[in-house]
Amino acid sequence: MADAAQVRAGTETRTRVLIAADKFKGSLTAVEVAAHVAAGLRRGAPGGAGAVSVEALPVADGGDGTVDAAVAAGFERRTARVTGPLGEPVTAAYALRGEVAVVEMAEASGLRHLPQGVFAPLTATTYGSGELLRAALDAGARTIVFGVGGSATTDGGAGMLAALGARLLDAAGEPVAPGGGPLRGLAAADLSGLDPRLADTEIVLASDVDNPLTGPKGAAAVYGPQKGATEADVAALDAALAHYAEVLTSAVGPRAAECAQAPGAGAAGGIGYGALVGLGAAFRPGIEVMLDVLGFAPALARADLVITGEGSLDEQTLHGKAPAGVAAAARARGVEVVAVCGRLALPPEALADAGISRAYPLTALEPDPARCIAEAGPLLERAAEQLAADLLG
């Protein structure tokens, strides 16, 4: 690394490294990834641990791990008892700093709350996500970053809106049952009872996907099968969500129809749509929002090298995932970026186009995927040692 990319500490030349990696899903949180990479760097630095200055800034793109990343960046972890996707009570966390809250819908309505092998594609509800947003409002939040992803639900955010005061009624004037399937029987919607504090709160819909609500690229078609939906379930859910949008359009006007086609409407089972229509949320790519919230720009200004990564570097990475966002921001500042990952499924030219100069996959050290997952921490330290030998000499 060039002298211009180093700092002098006493008589010691130190390279300043910023670790800004996402989780390795199924094995390590973003915080754990940063800790293992830091340990490996310090062991592998040719000049010893004193030759490298390491700053960790775990990142997330709005999905699982978003609250953890905010807490690692200095937010306070808060918890609330809310309704889980199957209707049972769960404890969900959100992050708060001053009047800014980071709310992760998966904390309340995520697949993590389903028993192993159990899915409820037609009936899982986002009611708890609405309760979690209300808890953030009660705590004084006036700006809410609403990270959506990892959901167990496909209800268009109907449960969330109901928890915040909306009335969604069937033909008998009774509240529709929970989940996306029952929305086929929605007869009327009244959003006038929504929590009045929402009108004075900036809500940012942070997502790594830009799907519309319905159709072949919509919430049910693209993500329903991941939540246990059969082909028949997908068709039923897509029709129910389309009907839901029609009823909301009758209730609040053409804006509801426009929102159904807007980027992010189909995020997390359509909760993006509910947030856009009912909460007045503004959609932004999740990693862009989170980099702002986490203070990435000042951390980047202190860095000579950035290490990013996630469990699998693949085509999805290039479309709004955390490593791509980190690399784009660093490239704009002329800072080199390398990546660590469990699995690498991108050719060198695709990495280079994304702003990543090289990648260090765990599978290069251990070809067995099961062992990579089970031994991710020690393997990641070994990968970081090699990275240090290659780049910090």
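The residues lining the largest pocket of this predicted model divide into eleven nonpolar, 16 polar and eleven charged. Here Ala, Val, Leu, Ile, Met, Phe, Trp, Tyr, Cys and Pro count as nonpolar, Asp, Glu, Lys and Arg as charged, and the others, Gly among them, as polar. Residues are numbered from 1 along each chain as its sequence is written, and side-chain values use heavy atoms, with hydrogens and water left out.

**Pockets**

A pocket is an open set of points on a 1 Å grid over the protein atoms alone, where a 1.4 Å probe fits, with protein on both sides within 12 Å along at least five of seven lines; its lining residues have an atom within 4 Å of a point. Volume is the space filled by probe spheres set on the points, which are joined across faces, edges and corners.

| Pocket | Volume | Lining |
|---|---|---|
| Largest | about 1,000 Å³ | eleven nonpolar, 16 polar, eleven charged |

The largest pocket has a volume of about 1,000 Å³. Of its 38 lining residues, K23, K25, D208, Q316 and K321 are the closest to the centre. Two or more lining residues come from each of helix 9 (267-278), strand 12 (305-313), strand 13 (336-344) and helix 14 (369-374); helices (H or I, at least four residues) and strands (E, at least two) are DSSP runs, numbered from the N terminus.

Among the residues lining the second largest pocket are K25, D64, R112, F119 and G150.

Six strands make an open sheet with mixed pairing, in the order 4-5-6-7-10-11; two strands pair if DSSP finds at least two bridges between them. Its edges are strand 4 (76-83) and strand 11 (282-285), each pairing on one side only. Within the sheet order, strand 7 (residues 143-147) and strand 10 (residues 202-207) run in the parallel sense over five bridges, and V145 has V204 of strand 10 as its bridge partner.

**Cysteines**

Searching the whole structure turns up zero disulfides (pairs of cysteine sulfur atoms within 2.5 Å). The sulfur of C341 has its closest cysteine sulfur in C372, 9.6 Å away, so the two are too far apart for a bond.

Note on methods:
This is a predicted model: local features need pLDDT of at least 70, side-chain atom pairs count only at pLDDT 80 or more; totals for chains, interfaces and linings use all residues.
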